[in-house]
Amino acid sequence: MAVGKSGVTLTGPWADAARKLATLDERYAAAMRKAVRISAARFERRLVLHIQNQDLPWKPLSKAYRERKLREGYSTDIYIKTSSLQQSITTSVSEDGMTAVVGAKRVAEHNGALVNVVALMEFGSVKAGIPARPLFRPAWAASEEETRQEILKALRVVMGK
């Protein structure tokens, strides 16, 4: 039992509550950093698996491009030529650990200009005759609810529920 500032007698585990509140910021930050890392890793894995499984409804490669890839000894899978793009998918976490960016830095020369291969594949190019083959948008759509649940789980842990 304790007497509060207002003179009201408090009953219950108030000392324990005060200790928990004193460390709330630290515990919240740690839980959120963990949720960010888990969610980013899950999203990164999902991107790679979509490329490996070829399970998104992408338009097929043009016959000419497919034949050229075969002739040159490359994979005829979409998003895969030498697998370097797939291997370049990575996560960058902010210094405070509260945000993460999952992406791929992969540029190539196309008609004399450097292009971001992932953006070209994701959105396509009418001028180059390349249809959009979304990877990041559907992967995020499938990951968004899991990410939300991971954050809620972190908050429940902090709040002791």
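Helices here are DSSP runs of H or I at least four residues long, numbered from the N terminus. Keep that in mind as you click around, and remember that this is a predicted model.

**The whole chain**

Start with everything shown as cartoon. The protein chain has six helices and six strands, and going along the sequence you pass them in the order β-β-α-α-α-α-β-β-β-β-α-α. Now colour by accessibility: of the 161 residues, 26% count as buried. The accessible surface of the chain comes to about 11000 Å², with 57% of that belonging to carbon and sulfur atoms. If you draw contacts between residues at least 6 apart in sequence, 49% of them join residues at least 24 apart.

**Stop one: a nonpolar patch**

Which helix gives the most to the patch? That's H6, residues 136-159, with three residues. Tyr28 sits in helix H2, residues 24-53. Zoom in on Tyr28: its relative accessibility is 36%, so it counts as partly exposed.

Check its backbone: phi is positive, about 50°, though Gln54 is not a glycine. That's worth a look, because most residues other than glycine have a negative phi. As for cover, Gln54 has a relative accessible area of 25%, which means it is partly exposed.

**Stop three: between H3 and H4**

Next, select Ser83, in the loop between H3 and helix H4 (84-87). What is the phi of this serine near? It is near 80°, another positive value in a residue other than glycine. With a relative accessible area of 22%, Ser83 is partly exposed too.

**Stop four: the second largest pocket**

Then colour the lining by element: H2, strand E4 (100-104) and H6 each supply at least two residues. Which of these supplies the largest share? H2 does, with five residues.

How values were computed
Residues are numbered from 1 along each chain as its sequence is written. This is a predicted model: local features need pLDDT of at least 70, side-chain atom pairs count only at pLDDT 80 or more; totals for chains, interfaces and linings use all residues. Side-chain values use heavy atoms; hydrogens and water are left out. Buried means under 20% relative accessible area, exposed over 50%, partly exposed in between (1.4 Å probe, protein chains only). Contact means heavy atoms within 4.5 Å. Accessible areas come from the Shrake-Rupley method with a 1.4 Å probe; for residues, only the protein chains shown count as cover.
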